[in-house]
Amino acid sequence: MPEGEQVHRILVVDDDDSMRNILRMRLADEFEVIDTGDPAQALGLALEHKPDAVLLDLVMPKVSGFELCQSLRSLSYTSRIPVFVITGRAVAETREHCANLGATAFFEKPLNFVELKRRLGEELHINRPERRAHVRVRMRLILKIRGDDAVGNRFEELTATENVSAGGFLCNSTTTLAKGSNVDVYLCGEAERFVGRARMVRKENSITAWQRYAFQFEEKNSEWVLQ
């Protein structure tokens, strides 16, 4: 690791001691690794150590990986941490369920460490500025987004967000968008109000019929809920 380069912190949650040892050994050259075999401790460790990503096994005693993923996503302080599911359960329904819970990626055992490191690097280096640029707040809003989809067709869609900041928001969409796409954003309530124009900076989910996108405002007005 070059001197002065930021070291990203990974939290590994797996009740298999040998798997944790392998992960620690294979990732230690690029990441600071914190691990636990007790999923009941994982949420406290996430709050204490502020990891940049969580590697999570699904089948564990006391608290399952599904439950822990849901807990991480439900707390505003940990909701932005990417969760990488690592499991031997290669079932389509399992992948979809993890995606619906907000997992960033799904890896089957035996692990492809080259691909795992690539995806971790993608999340932690490309997306970090957007995640830390503004404090995010859990607030449910109904929005309308309007723009061009990935093939240039005009679309207009109602959606909801529960994760907003002064600079942007996360929302689900059934429309396929290209990274960098711009949309007009409207806040829907008793009346529909134009709030600004936003750029899609990240796609979080590609497993289900809908996508989860992160948007940053290119321009906004005083109608937006956070300034």
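Visitor: Why are helix 3 and helix 4 called roughly parallel to each other?

Guide: This is a predicted model, and in it helix 3 and helix 4 (residues 92-101) pack at an angle of about 20 degrees, their axes lying 9 Å apart. Angles under 35 degrees count as roughly parallel, and helix 3 and helix 4 are therefore given that description.

Visitor: Which residues make that contact?

Guide: Helix 3 contributes Phe66, Cys69, Gln70 and Arg73, while helix 4 contributes Thr94, His97, Cys98 and Leu101. By class, the contact of helix 3 with helix 4 comprises four nonpolar, three polar and one charged residues.

Visitor: What makes helix 2 roughly parallel to helix 3?

Guide: Helix 2 (residues 39-49) and helix 3 (residues 65-74) pack with their axes 10 Å apart, at an angle of about 20 degrees. Because an angle under 35 degrees counts as roughly parallel, helix 2 is roughly parallel to helix 3. The crossing of these two helices, helix 2 and helix 3, is right-handed.

Visitor: Which residues of helix 2 and helix 3 meet?

Guide: From helix 2 come Pro39, Ala42, Leu43 and Ala46, which meet Leu68, Ser71 and Leu72 in helix 3. Sorted by class, the contact of helix 2 with helix 3 has six nonpolar residues, one polar residue and no charged residues.

Visitor: Is Lys109 buried, exposed or partly exposed, and how do you know?

Guide: Buried means under 20% relative accessible area, and exposed means over 50%. Lys109 has 30% relative accessibility, so it counts as partly exposed.

Visitor: What is Lys109 in contact with, leaving aside its neighbours within four places in sequence?

Guide: With those neighbours set aside, Lys109 is in contact with Asp14, Met19, Asp57, Ile86, Thr87 and Gly88. As for Ile86, it and Lys109 are 23 residues apart in sequence, and their C-alpha atoms are 6.9 Å apart in space.

Visitor: What is the phi of Lys50, and where is this residue placed?

Guide: Phi of Lys50 is near 50 degrees, a positive value in a residue other than glycine. Most residues other than glycine have a negative phi. Lys50 is in the loop between helix 2 and strand 3 (53-56).

Visitor: Why does Lys50 count as partly exposed?

Guide: The cut-off for exposed is over 50%, and for buried it is under 20%. At 47% relative accessibility, Lys50 therefore counts as partly exposed.

Visitor: What can be said of the protein chain as a whole?

Guide: Its secondary structure comes to six helices and 12 strands. Of the 227 residues of the protein chain, 48% count as buried. The chain exposes about 11200 Å², of which carbon and sulfur atoms supply 49%. Among contacts between residues at least 6 apart in sequence, 59% join residues at least 24 apart.

Definitions and conventions. Residues are numbered from 1 along each chain as its sequence is written. This is a predicted model: local features need pLDDT of at least 70, side-chain atom pairs count only at pLDDT 80 or more; totals for chains, interfaces and linings use all residues. Side-chain values use heavy atoms; hydrogens and water are left out. Axes are lines fitted to C-alpha atoms, for helices over the stretch in contact, and angles run from 0 to 180 degrees between N-to-C directions. Helices (H or I, at least four residues) and strands (E, at least two) are DSSP runs, numbered from the N terminus. Angles under 35 degrees count as roughly parallel, over 145 as roughly antiparallel, 65 to 115 as roughly perpendicular and the rest as oblique. A crossing is left-handed if the near helix is turned anticlockwise from the far one by less than a right angle, and right-handed if clockwise. Contact means heavy atoms within 4.5 Å. Ala, Val, Leu, Ile, Met, Phe, Trp, Tyr, Cys and Pro count as nonpolar, Asp, Glu, Lys and Arg as charged, and the others, Gly among them, as polar. Buried means under 20% relative accessible area, exposed over 50%, partly exposed in between (1.4 Å probe, protein chains only). Accessible areas come from the Shrake-Rupley method with a 1.4 Å probe; for residues, only the protein chains shown count as cover.
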